[in-house]
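Here is a short briefing on one protein chain. Look at the sequence and the 3D view first, then read the points below.

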Amino acid sequence: MSTAGRKFLTSVNWPVINSVLAKHTEITKSLGSFRKGYEEAERQLTQLQEANRPIDFEHYRRILKNTEIVDKLEKIAKAQKIVKVDLADQLKTISAFEAKAVASAEQYVKETEANLSDLSETVKNIEQARPITQLTVDDVVKAKPEVVQRTEEMVKQGKFTVDGYDEKFPNLSLL
């Protein structure tokens, strides 16, 4: 990974990202698996860099009586060559993952902004609302015109009580 990529991934505040995206488990899981993969690759790279030590075959020839074994091992070690791996497929996978994560994050931002605007409008409405004690019948009729129609139907039928009112608000006059 490039030094810029390493610097970026080490500078990310993972706990903050996880707490912000706590409600979006798919994004959090994807980021967690990406982070684990990066850390595993970084660990393996460090191990390989540390393991690259030359072997002193002369030392083993002096110590061991059977130098043929040392000669065979030296021949095998010299025959080994570093294999270059084509990382194009892995880079495509990472790019696809990155694109999916960015798209998902952008969608989350849009949803959050929409929720915030709705909440801001609700707060504004609450702040501008009049107390219930200042409401008039005209205000209720203006907000819910079907109230007048329902009331007229109840009066025509001779009903002067609302169904379920006594169950919800019991009459306490008997106490």
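This is a predicted model: local features need pLDDT of at least 70, side-chain atom pairs count only at pLDDT 80 or more; totals for chains, interfaces and linings use all residues.

Residues are numbered from 1 along each chain as its sequence is written, and side-chain values use heavy atoms, with hydrogens and water left out. The protein chain has 9 helices and 0 strands. Helices (H or I, at least four residues) and strands (E, at least two) are DSSP runs, numbered from the N terminus.

**Overall build**

- From the N terminus on, the elements run α-α-α-α-α-α-α-α-α.
- The radius of gyration is 37 Å, well over the 16 Å that the globule rule gives for 175 residues, so the chain is more spread out than a compact globule. This radius is taken over C-alpha atoms, and the globule rule is 2.2 Å times the number of residues to the power 0.38.
- Along its principal axes, the C-alpha trace spans about 120 × 40 × 30 Å.
- Buried residues make up 7% of the 175 residues. Buried means under 20% relative accessible area, exposed means over 50%, and partly exposed lies in between (1.4 Å probe, protein chains only).
- The accessible surface comes to about 15,900 Å², and 59% of it belongs to carbon and sulfur atoms. Accessible areas come from the Shrake-Rupley method with a 1.4 Å probe; for residues, only the protein chains shown count as cover.
- Take the contacts between residues at least 6 apart in sequence: 44% of them join residues at least 24 apart. Contact means heavy atoms within 4.5 Å.

**The annotated span and what follows it**

- An unreviewed UniProt entry annotates residues 102–129 as "coiled-coil region". UniProt positions are given in the numbering used here, feature names are shortened, and annotations may be inferred rather than shown by experiment.
- In the model, this span is 96% helix and 0% strand, and its end C-alpha atoms lie 40 Å apart.
- Arg130 sits in the loop between helix 6 (88–128) and helix 7 (137–143).
- Arg130 is partly exposed, at 45% relative accessible area.
- Leaving out residues up to four places away in sequence, Arg130 touches Leu135 and Asp139.
- Arg130 and Val70 are 60 residues apart in sequence, and their C-alpha atoms are 95 Å apart in space.

**Salt bridges**

- Side chains of opposite charge can pair when their charged atoms come close.
- The structure holds 8 salt bridges. A salt bridge is a side-chain nitrogen of Lys or Arg within 4 Å of a carboxyl oxygen of Asp or Glu.
- One of them joins the side chains of Arg61 and Asp71 (2.7 Å, N to O). Arg61 lies in helix 4 (residues 57–63) and Asp71 in helix 5 (residues 67–79), so the pair ties together parts that are 10 residues apart in sequence.
- Asp71 is partly exposed, at 37% relative accessibility.
- A network of salt bridges links Glu58, Arg61, Asp71, Glu74 and Lys78.
- Glu74 is in helix 5 and counts as buried, at 15% relative accessibility. Not counting residues up to four places away in sequence, Glu74 touches Phe57 and Arg61.
- Glu146 and Lys144 meet through their side chains in a salt bridge (3.6 Å, N to O). Glu146 is partly exposed at 42%, and Lys144 is partly exposed at 46%.
- Asp163 and Lys159 also form a salt bridge (3.3 Å, N to O). Asp163 is exposed at 56%, whereas Lys159 is partly exposed at 34%.

**A nonpolar patch**

- Val83, Val85, Leu87, Leu91 and Ile94 make a nonpolar surface patch of about 500 Å². Patches are made of residues with over 30% relative accessible area and no salt bridge: like charges are joined within 9 Å, nonpolar side chains (Val, Leu, Ile, Met, Phe, Trp, Tyr) within 5 Å.
- Leu87 is in the loop between helix 5 and helix 6. Leu87 is partly exposed, with a relative accessible area of 47%.

**A glycine in helix 3**

- Gly32 lies in helix 3 (residues 25–51) and is partly exposed, at 26% relative accessibility.
- Gly32 and Glu113 are 81 residues apart along the chain, with 25 Å between their C-alpha atoms.
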